[in-house]
Amino acid sequence: MDETFVRCKPCGYVMKESELHKVGVCPACGMPAGAFEPYRERVSDYRKLILDLDIHPIAIHLSQTFVGLAPLLIILNMIFPNLFSDTFISVTNFSIYVLPFTLVLSTISGALDGYTRFKTLDSPLLKIKIIYSIIIIVLSFTNFFVTKPGEFTPITLGLSLACLYCAVRLGLWGKKLLNVIMPGSLFINIGKKKIKV
């Protein structure tokens, strides 16, 4: 039996209509059932299969762990140089040395995801993301080669913070792309006013 799907207009969450009737609200944003509209998948089964693997989001979360962890650990080590054990220093080194490889994986999966989703890598936003991806990879590999095990210098910290900045920018641009794929607005009546959400 074919299931009918519906999509939450404000947040883009897609679910089975039968499930919506059970819960009555959007599980993602809490909007009432009236905020949903009929949904039909607009991508081919092959493209949907690739997107449903969530390779890019998984790769991104892995690299975000290291890009955020490295500068924090370096700063703590600089402030309290004698407080932390060899294990702590090993974790800092590991974060710095693994980051470039996770970024390469994130960039490749991002290109695959972008091409699968938009059928091009030539849009202005994707071009900016590709440029920043290259910059963060170069910065992380530079940090990889200049950082000696257990020696965290201001250069190491500066490169780690530059990577973190690039990662934040990439995340913000990625968020804009999510809004592109899940457009929608909802008008809610509050008293006599109609408000667009």
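How many residues lie between β1 and β2 in their hairpin, and which residue in the turn has a positive phi? There are five, and Gly12 is the residue, with a phi of about 90°. This is a predicted model: local features need pLDDT of at least 70, side-chain atom pairs count only at pLDDT 80 or more, and totals for chains, interfaces and linings use all residues. Residues are numbered from 1 along each chain as its sequence is written, and side-chain values use heavy atoms, without hydrogens and water.

Start with the strands (DSSP runs of E, at least two residues, numbered from the N terminus). Strands pair if DSSP finds at least two bridges between them. β1 covers residues 5-8 and β2 residues 14-16; they run antiparallel, with three bridges. β1 also pairs with β3 (residues 36-39), again antiparallel, over four bridges. Follow Arg7. Val14 stands opposite in β2. In β3, Glu37 is its bridge partner.

Now the helices (DSSP runs of H or I, at least four residues).

Leu161 sits in α6 (residues 154-181). With Ile75, Ile79, Phe80 and Leu83, Leu161 forms a nonpolar surface patch of about 460 Å² accessible area together. Accessible areas come from the Shrake-Rupley method with a 1.4 Å probe, and for residues only the protein chains shown count as cover. Patch members have over 30% relative accessible area and no salt bridge; nonpolar side chains (Val, Leu, Ile, Met, Phe, Trp, Tyr) are joined within 5 Å, like charges within 9 Å. A salt bridge puts a side-chain nitrogen of Lys or Arg within 4 Å of a carboxyl oxygen of Asp or Glu.
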